[in-house]
Structure formats: C-alpha cells, structure tokens
Amino acid sequence: MRLDALSRLVRLSLARERKGAFFSAFGVAMGVGALVFFLGLGLGVGRVIREDIFPTDARLVDVVPPAVSLGSLLGGGKLDAPTVERLRALPGVEAAYRKMNVRVPAVTRYDGVFFGSRLRMGMEVLALGVEPALVQGDVQLGEFKDAGEGQPIPSLVSTRLLELYNKTFAPARKLPQLSANMLVGFGFPVEFNRSYVAAASASGATQAAQAQVVGASDRALLAGITIPLEAAIRLNRAFGMDAENYSGVTLVATDPSRVPAIVDAVRGMGLEIDDQERRMAENSGAAVALTTAALALLSILICLLAAVNIAHALSASVRARAREIGVMQAVGASRSDIRAIVLAEAAVVGLAGGASGTAAALLLALGVDKLAAGYLPNFPFKPDSFFSFPWPVVVGGVLLGLAAALAGAYFPSRRAAATDPARTLAG
Amino acid sequence: MIQARDVTKEYVDGDGTRVRVLDGMSLDVAEGEFVAVVGSSGSGKSTLLHLLGGLDVDYRGEVAVGGVKLRGLRDKALARFRNTHVGFVFQSFHLIPNLSAVENVLLPSHFGAAPVEARKRAEHLLERVGLGAKKDRVPVRLSGGERQRVAIARALFNRPRLLLCDEPTGNLDAATGTGVIALFQELHREGLTVLCVTHEERMSAAAGRVLRLQEGRLVEERAGLHVATGGSP
C-alpha cells in the first residue's frame, strides 16, 4: 500500500473518530508526560548530587593509611615516600598525588572589613597540603607553591564551602554573597599551633601566617584550607610533627574501569580507601534513582493502561467498521493493508500522545523551576533547574507513546485483518 | 472469462449443521456476456458471486476468472486480482459514509499502483453515471439510486473486465432500478462482462443469458442471444 494512500485513509478515519482518538492520545500523553517529567526530575536532582553536593571523579582513588594495624605498630602501613612510589607504579595508575595534614591546630581571627561589611570572627581552621598538580586547574592567582616562612600561603577554598557560606551563613549574618573570583587575592591571618577548643598538640610558640585565597576547588578540603604540600611539610617540621608520612594519596586511574583493580591492589598493600564521599554520593544517588524508578514504574503503568484503552477503543472501532473493512477488501485491500491502516491509526495517536505528553512534561518542568526560583528559599546547592532532559529522554518519551499505541493496536489490527469480506458484505 | 468446474461450497450454520450451498456447480461465461443468475433466497447466489470475485476461496473445485485460478492465490495476489480484474456492486451499496462520492470512487486507487490522474478518472466516471454535480456529497446526502450509481462508478474505476453485481436493484424503487439496469446494459454493450445475481424480473430480461441456481447447481433457464464486444467503460 502506498504511503500517500495510507496517510489519506488514516487521516479520514481519525477525523471521523476524533473524539475516541483524542481520549486515546490523552491517555498516552498522561503516561508519557509523567514518565518524562519524573525521569527529568530524577536526572536533574542526581546531577546536582553528583556535580555539586558530592562532586566525585570516577578516576580518582583516595588512599589513606589504615586507622589501626599491626603493620603500623611495627613500622608498616604508613604512607611514606617508598609506599607512594609503589602506589604510583600500580598498573592502571596514571598519577599519584600526595597529601599531608598540618598536624597542629590552627585558628583564624578576622577583625576588619570583609567585602564592604564589618566582620569580627574567630574560628578553627584545618589545613591540608596537596601536590600542586592535583589542583592546578583551579588556581587563579600566581603559582600554587610555598614561598617560605613569612610569605603568604596560597590557599584554595572548597567550592562547596563557598556555596554553604552563600546560602546559609552570609544571609544569616547579612554578609555579602561571594564568588570564587571575588575571593581570589583575599588574605586572612592564620595562627598555627593554637586552638580555641583544645590544647595545642606541639609544645612551643605559635606561628602566625597570612593565607591568601588563590581560587576555589572541588578537590579542596571542605572545612578548611588547602595549601601547597611543601607548606604543610614545612609547618609540620617547624612544630616537630611527622613530616615524612603522608595523610593520604590521591591516585588517578588511566580509566574508570581500572579503579576496582587499583582498589584491590591498594588494599592488598595494607592500606585503606577513603571512599566516604563516594559512598555518600552513591547512597544519595541510589535514593534518588530508587524514587525515580518507582515514579517511572507508575508512569509506565499509566502507559500500559493507555495501551489497554487504545486496544479497547480500536477493538470497538474495528467491530463497528467491519463492513467498511470488507468493502476495502472487495476493492483490493490485502490483509496486510488492513493491518497497516489500523496500526497506522494507532501510531498517529501514539505519536501525538507521546509528543504532547513530552512537551507537557517539559513545560511543567519549566513552570516548576520558575516557581522554585520564586518561592523556595535559597538553600545550599539549590540548582537553577531541578530537571535534566537529555535528548534520549525526550525522543524516548515520544517513542514510548508510539510503542504503547502500537502494542495496544496489535490484537485489534490482527482482528481487522482477519475480517471475512464474504461474511461482512453478505446481505 | 469465467470457468468454474465442480465447485462445492459448504458452511456450518448457527446450530452446527453442515450446509452445502454449491454442489459440484460448473459455469462458463464468455467475455462480454451479460448473465443473470436467479434463484430462491438462500440458494447460494451471493456465495457464488463471492467465489467468482475472490472474496471467498474456501471451496472445492476450480474457479478461473480471466485466466487467473483463484484458489491457492496468496492474500496479496488475491487482493490484486480483486483490485484489477473485477468490480463489485452490492445491494446495500456499501459506500464509506464519511467519504464524498468522488472519494468513494477513488477507494480502489488506494490499494493498487498509483493511477495517473486518478481524481480526473473518478470525476469522469461520476459524470458518466450522471452524478458529476454531486461528486462532493457524502452518501447520506444522496438518494438510493445515486448511491448505487456511485457504487457502480467505484466498481468501474480500475477498468475491470468483469462486473459482479449482487441484487443491484434490490434496494431501489422501480424507476430508479430501471435507470440502473439501463446503465448495466450500456456497460455491457461497451464490452464489459456482467454477471448479476438478481430477483428482479427486469434485470433478468435485460441479461443475455439467465441461469437458475437450484440444489447447488446452475441450470440454463434462458440461452444467450448474443455476445457484445467493444471498448472499456
């Protein structure tokens, strides 16, 4: 059967049964719209968790020394230079970046103008030294290296800390909102070997220094400052603390698929993996995925109901049009022509339902985003959009409508094709 | 044009009884003949028509139309045969209600090769049956006679060699029926083979040969007078 003839017959048939076609398409649109909406919401929230709240790089493996081990008591289980070299030599490891905590407490006491507002504040500061190459991409000012005692220490702040500051601390204290760019160059005093809450861990005097923000990084310490590794080593040496063993090593795998083997090898060396963030990301992602899956299942059920509705509607239509089908057979329609006509009618209904349902979901998402922007408080990590609609979701929504309609039309089309023209045209 | 040999057709009726409607029936119709088949109600006249037109191929024996043996043809080939070789005219017209007259006439064009200037031919055929001015009317806005004329135009659309008519005047008043019979006579004069199942005396009188179907077989009631030849309608 020619396509133009098929399209003409389908158009005429749908025009005659436009009410039934509308309700069938509406059912499909409801199911597809709900599915696309919830998938978009799940993907959008998942993206926020993955990229903003717990930004993880699938190629990174954070190695830490074991909390307690027999090896450590005997001098093993440490992250010293030879161990780092062994880690670097593991198959699938592209690079190894050492990290060392500043092993004395530190405080900052700020009393001055803070971006136009008067600020007077003291707080504990954790400091972590990292190899410059690990964070080089996020450094916006100068070089990320230790210039020595008496010189400002280049410091990176966490992008997540900045987000928390902007969404909670700053509004509560009427302080200005800050961006990473605004913070670059900002200096603040840090006093090492001093604590407001505990005794200093090293004997001797405190050491005052100036920290200078050189950028914000996802890889920076969340509650503290991230400084060059050499600065951390220098400070630990100055206070007589361990400056030989590292607090951690970040391994970069050549490919995410190599990570499990690297993890096994690291554990085989008596070391541990710090995957707390990754597990939190995975747990949060799993919760979102589970909720999304439940809602998607509900939506698919609606699509199934729509398919059943189409099956009923088409069955009734085929019964009512038996004589008309017989006439078509008498003037030259084959069984496959009849089947094609019924399936094409359903396909048009399904495509229309799928497309309108998908469009409705996109519009609803737009509306929800607008409402959220206007009425929801500005909480941390609040995204510009709660939704993500990659093209496979959009195209898949339309195709699901088509598939549901065709599934519903399967048996009616077979029944129509089996019409006996001699019987229906008799009398 | 038509050769049927030892055709037997049975069906099972509502109470499960096997009914034989055609019992070793044979028939020969030459090209250009106008044959009327008469018989009592339920004698199998319509069944015979469905067999000859390829609407029903569940029978024993052999039927060939225009050299095409119908039994054993696959569905597509059978559909092509119905599309190109025969035209059907039914007692109840069987027009598609939401299609205009010209669209009804065009219906066979949807199931065959794309005809050149199909619409022009459909309009020509409607002119030919006297409905040129009503080509855009849907069936409900046409009289019974006009609907039957539309059905005849539809049957002629693909220039069939055989016209199979099932009580074509059965639902028409006398005057309208006369007009339809005259149209068949005209088509026959132009060379079309017409086989008409009928109760109508006037239709039988118009036919060149009359066969009676009784006890599942055809018997000659009136022999043919002449066989017309000519161009296509």
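Colleague: Starting with the largest cavity, which element gives the largest share of its lining?
Modeller: That's strand 6 of chain B, which supplies 3 residues. Bear in mind that this is a predicted model.

Colleague: Which elements each supply at least two residues of that lining?
Modeller: They are helix 2 (75-84), strand 6 (86-89) and helix 5 (144-156), which belong to chain B.

Colleague: And which residues lie nearest the centre of the largest cavity?
Modeller: Val331(A), Val86(B), Gly87(B), Arg154(B) and Ala155(B) lie nearest the centre, out of 14 residues that line the largest cavity.

Colleague: How do the lining residues of the largest cavity divide into nonpolar, polar and charged?
Modeller: You get 8 nonpolar residues, 3 polar ones and 3 charged ones.

Colleague: How much space lies in the largest cavity?
Modeller: About 110 Å³.

Colleague: OK, what lines the second largest cavity?
Modeller: From chain A, the lining has Leu9(A), Leu12(A), Ser13(A), Arg16(A), Arg321(A), Glu324(A), Met328(A), Ile341(A) and Glu345(A).

Colleague: Changing topic: in what order do the 4 strands of the open sheet in chain B come?
Modeller: The order is 2-1-4-5, with antiparallel pairing. Strand 2 (18-29) and strand 5 (68-69) of chain B are the edge strands, so called because each pairs on one side only.

Colleague: What holds paired strands to each other in general?
Modeller: Strands of a sheet pair through backbone hydrogen bonds, in either a parallel or an antiparallel way.

Colleague: Over how many bridges do strand 1 and strand 4 of chain B pair?
Modeller: Strand 1 (residues 2-12) and strand 4 (residues 60-65) of chain B pair over 5 bridges, in the antiparallel sense. Ala4(B), for one, has Val63(B) in strand 4 as its bridge partner.

Colleague: Now over to Ser217(A). Where does Ser217(A) lie?
Modeller: In strand 8 (residues 207-217) of chain A.

Colleague: Is Ser217(A) buried or exposed, and why?
Modeller: Ser217(A) counts as buried because its relative accessible area is 1%, and the cut-off for buried is under 20%.

Colleague: What is Ser217(A) in contact with, leaving aside its neighbours within four places in sequence?
Modeller: Ser217(A) is in contact with Val135(A), Asp138(A), Leu156(A), Val157(A), Ser158(A) and Thr159(A). With Asp138(A), there's also a side-chain to side-chain polar contact of 2.5 Å.

Colleague: Last topic, backbone angles. What is phi of Phe115(A) near?
Modeller: It's near 50°, a positive value in a residue other than glycine. Phe115(A) sits in the loop between strand 3 (106-114) and strand 4 (117-125) of chain A. With a relative accessible area of 30%, Phe115(A) is partly exposed.

Colleague: And what about the phi of Asn193(A)?
Modeller: Asn193(A) isn't a glycine, but has a positive phi of about 65°. You'll find Asn193(A) in the loop between strand 7 (187-192) and strand 8 of chain A.

Colleague: Is Asn193(A) buried or exposed?
Modeller: Buried, with a relative accessible area of 2%.

How values were computed
Residues are numbered from 1 along each chain as its sequence is written. Chains are lettered from A and ligands numbered from 1 in the order in which they are written. This is a predicted model: local features need pLDDT of at least 70, side-chain atom pairs count only at pLDDT 80 or more; totals for chains, interfaces and linings use all residues. Side-chain values use heavy atoms; hydrogens and water are left out. Buried means under 20% relative accessible area, exposed over 50%, partly exposed in between (1.4 Å probe, protein chains only). A polar contact is a pair of N or O atoms within 3.5 Å; within protein, one must be able to donate a hydrogen and the other to accept it, and residues adjacent in sequence count only if both atoms are side-chain atoms. Contact means heavy atoms within 4.5 Å. On a 1 Å grid over the protein atoms alone, a cavity is a set of points where a 1.4 Å probe fits but cannot get out, and a pocket is an open set with protein on both sides within 12 Å along at least five of seven lines; lining residues have an atom within 4 Å of a point. Grid points are joined across faces, edges and corners, and a volume is the space filled by probe spheres set on the points. Ala, Val, Leu, Ile, Met, Phe, Trp, Tyr, Cys and Pro count as nonpolar, Asp, Glu, Lys and Arg as charged, and the others, Gly among them, as polar. Two strands pair if DSSP finds at least two bridges between them.
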